[in-house]
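Please keep the model open as you read.

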Amino acid sequence: MTVDGRRRGLFIAFEGPEGSGKSTQAQLLADRLQQAGLDVLATREPGGTELGERLRDVMFRERSLPDLEPRVQALLMLAARAQHVAERLRPWLKSGGVVVCDRFAGSTLAYQGAGFGLDLPALEQMNAFATAGVLPDVTLLLDLDVQIGLLRSLGQRGGDWEKAGGMNAQQLEFHARVRGGYLELADAPGWTVLDATQPPGQLGEEIWRRVEPEVTARALRAAEAVQPPLPLAAGTRQGPPTDESGGP
């Protein structure tokens with residue numbers, strides 16, 4: 001990430017359609033980076049802050065996402081993202097830490113843009129406003145056929161509404177548009193497309209081969225202690241380091 005014209009920290013984002021396994025791979029990578037002695041923030045969108053988790057509750061756990069007008073979805077996602085950037089991501093990266101994020105700005109362009117057909121240039125401008133210049137150094141797109149992904153996601157759902165409903169409630173054509181939108185985004189610098197149908201261990205090694213050069217090319221902050229996991233419920237706060245605790 002670039003802050004005030006200087007490169008700081010390492011920001012890795014995972015993107016992908018439903019059932020791609022990105023949440024699992026994001027956690028595996030965060031664990032591996034922590035084991036390497038780095039100070040790692042594992043987080044997600046929407047979420048990652050008290051406000052973000054509350055907005056996630058509104059959209060997913062109260063089963064309202066399929067009924068929300070797509071523009072409202074986009075605005076809620078962007079509000080959560082702006083708070084996430086200001087409260088956690090910018091301070092963490094500015095002080096030399098590593099961020100591993102399950103979804104970021106690309107999801108808005110793929111889902112609300114390509115999927116629902118909202119105006120992409122408008123969404124790009126809104127994303128730029130929400131992120132305030134904080135963008136991933138590496139974006140890992142875990143790609144797979146949408147039918148396979150939906151079967152995976154629904155097969156793992158149990159009693160979890162986020163897997164049983166939410167975006168999974170959309171038609172197959174919607175998910176095909178999302179995947180197509182992601183593949184178009186992946187033409188941009190910093191994106192890497194990976195085959196998500198590989199065995200998890202093999203996919204994890206591919207991810208590491210992509211990330212390791214970025215790690216070795218930077219002077220990153222060492223961990224004083226293993227960081228707790230991301231907050232999974234509203235009201236749980238994991239404070240990032242302040243500038244005084246390790247950054248300029």
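This is a predicted model: local features need pLDDT of at least 70, side-chain atom pairs count only at pLDDT 80 or more; totals for chains, interfaces and linings use all residues.

Residues are numbered from 1 along each chain as its sequence is written, and side-chain values use heavy atoms, with hydrogens and water left out.

The chain holds nine helices and seven strands; helices (H or I, at least four residues) and strands (E, at least two) are DSSP runs, numbered from the N terminus. Of its 248 residues, 53% are buried, where buried means under 20% relative accessible area with a 1.4 Å probe, counting protein chains only. Contact means heavy atoms within 4.5 Å. Among contacts between residues at least 6 apart in sequence, 79% join residues at least 24 apart.

Two strands pair if DSSP finds at least two bridges between them. E3 pairs in the parallel sense with E5 (residues 98–102) over five bridges, and Leu10 stands opposite Val98 there. E3 also pairs in the parallel sense with E6 (residues 138–143), over four bridges, with Thr139 as the bridge partner of Ala13.

Now to the cores. A nonpolar core is a set of buried Ala, Val, Leu, Ile, Met, Phe, Trp, Tyr and Cys residues joined through side-chain atoms within 4.5 Å. The largest has 24 residues, and Ile12, Phe14, Leu29, Leu33, Val98, Val100 and Ile207 have the most contacts inside it. Elements giving two or more residues to this core include E3, helix H1 (22–35) and helix H9 (200–216); H9 gives the most, with five. Leaving aside neighbours within four places in sequence, Ile12 is in contact with residues including Leu29, Leu33, Val98 and Val211. A second, separate core of 13 residues includes Ala74, Leu109, Ala186 and Trp191.

Leu109 is also one of the buried residues of helix H4. In H4 (residues 105–115), 10 of 11 residues are buried. Its buried residues pack against E3, helices H3 (70–94), H5 (120–131) and H8 (172–185), and strand E7 (191–195). After H4 comes Gly117, whose phi is positive, near 80°.

Definitions and conventions:
Buried means under 20% relative accessible area, exposed over 50%, partly exposed in between (1.4 Å probe, protein chains only).
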